[in-house]
Amino acid sequence: MKFQSFIMKLKEISKDQWKAILDKERHVSFFELPEWYSIWENYFNTKSTAFLIDDHLLLSTIKIDGAKGAVSFYNSSPAGTYSNFRSIRSNVGSEKILELTDLLEIQKMTKVNFIRFSPFCNVAIHDSSKVLVNDFTQYIELSPLEIIDQDWSRNHKRLYQKAISASLSVEKTNEKSDWTAYWNLYASFIKQKARQASSAYKQSLFDNIHKLDLNQRDLWLVKKDKKVIAGRLVFYTNDYAVEWHANSTTEANVLGANQLLIHTIIADAKQRAIDIYDFNPSGGHEGVVSFKEKFGAKKKKVPYFQRFSTKQKMYLLLKKNMNLS
């Protein structure tokens, strides 16, 4: 069914209304909730806005300034995660189809520069090749899974057994000292990678995530001799778990710490009646894609839309070349 192009109505809604809308939807990731946008509001000292378009299309944006406010961006996918762009009149499995002109009108009205469609977004763009960039995530459907490692590669299974033999400890932690230890592990990685790192988050970001409701996030750690050697930060909604951040030492990789960690996290998610375990997109890193695939993860499209003004393009180019803040 095509969605006919016409002049659209735009209405701002509150965070409570935004939250209430998504509470009724299935397969909604934490990245689509106002709590996630609030994390980035605090981090960037900015604000987000939620819109209802023609009473059935939801879209939220967050304003991010660059060059000390000389240029601004409106992002619907904080930190490259999923947007909440969806039709609240369509169920999972059915789609509302927009014309290119509709999407461009939405972009003009909301000023949005970047939208990454979620894996279970129920909006499609007619002739999307003209406007969307292809990308994918990898996920495991947990409900039919009988044995956690039933679809794992032989090498992943071997490393999992090696980790068990190495007497590594796995824990889900809310202790602030553990969160600090994990950030220190990440900071060491960033220092090692220098400008090659795709992101470099301050400890304050993790401090704000730590303040979230315990039902919405978990930090999982692997320790050896009480020292943190690997960790994964996972977010939860009603039926959806998604990884956002992970780090490990070279020693942890050799010992199979990540295999032990993922086995434990997925087993816990099944107990919580989580249906989808989403590894998150891999940023074009083929080695990461292969690593996730060996857990039996399937690919699902998460295309993205981006449209920038000449001024914004110039700033992005300068930032890339000169490492601007």
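Where is His210 placed? Before I turn to H6, a word on the basis. The structure is a predicted model, in which local features require pLDDT of at least 70 and side-chain atom pairs count only at pLDDT 80 or more, while totals for chains, interfaces and linings use all residues. Residues are numbered from 1 along each chain as its sequence is written, and side-chain values use heavy atoms, with hydrogens and water left out.

Let me begin with the whole chain. The protein chain contains 10 helices and 17 strands; these are DSSP runs numbered from the N terminus, helices being H or I with at least four residues and strands E with at least two. The C-alpha trace spans about 65 × 45 × 35 Å along its principal axes. With 325 residues, a compact globule would have a radius of gyration near 20 Å, and the chain, at 20 Å, agrees with this. That radius is taken over C-alpha atoms, and the globule rule is 2.2 Å times the number of residues to the power 0.38.

Of the 325 residues, 51% are buried, where buried means under 20% relative accessible area, exposed over 50%, and partly exposed in between, for a 1.4 Å probe and protein chains only. The chain exposes about 16,300 Å², of which carbon and sulfur atoms supply 49%; accessible areas come from the Shrake-Rupley method with a 1.4 Å probe, and for residues only the protein chains shown count as cover. Among contacts with a separation of 6 or more, 75% are between residues 24 or more positions apart, contact meaning heavy atoms within 4.5 Å.

I return to His210. This residue is buried, with a relative accessible area of 16%. Leaving aside residues up to four places away in sequence, His210 touches Asn174, Glu175, Lys176, Trp179 and Arg217. Leu145 lies 65 residues from His210 along the chain, and their C-alpha atoms are separated by 30 Å.

Which residues form the contact of H5 with H6? The axes of H5 (residues 176-193) and H6 come within 10 Å and cross at roughly 145°. Axes here are lines fitted to C-alpha atoms, for helices over the stretch in contact, and angles run from 0 to 180 degrees between N-to-C directions. From H5 the contact takes Lys176, Trp179, Thr180, Tyr182, Trp183 and Tyr186, and from H6 Gln203, Phe206, Asp207, Ile209 and His210. By class, six are nonpolar, three polar and two charged. Ala, Val, Leu, Ile, Met, Phe, Trp, Tyr, Cys and Pro count as nonpolar, Asp, Glu, Lys and Arg as charged, and the others, Gly among them, as polar.

Trp36, Ile39, Trp40, Asn42 and Tyr43 of H2 meet Ser204, Leu205, Asn208 and Ile209 of H6. This contact has six nonpolar, three polar and no charged residues.

Finally, two backbone details. Asp55 is not a glycine, yet has a positive phi of about 65°. It is found in the loop between strands E2 (48-53) and E3 (57-66), and is partly exposed at 37% relative accessible area. Lys68, also not a glycine, has a positive phi of about 55°. Lys68 is found in the loop between E3 and E4 (71-75), and is exposed, with a relative accessible area of 92%.
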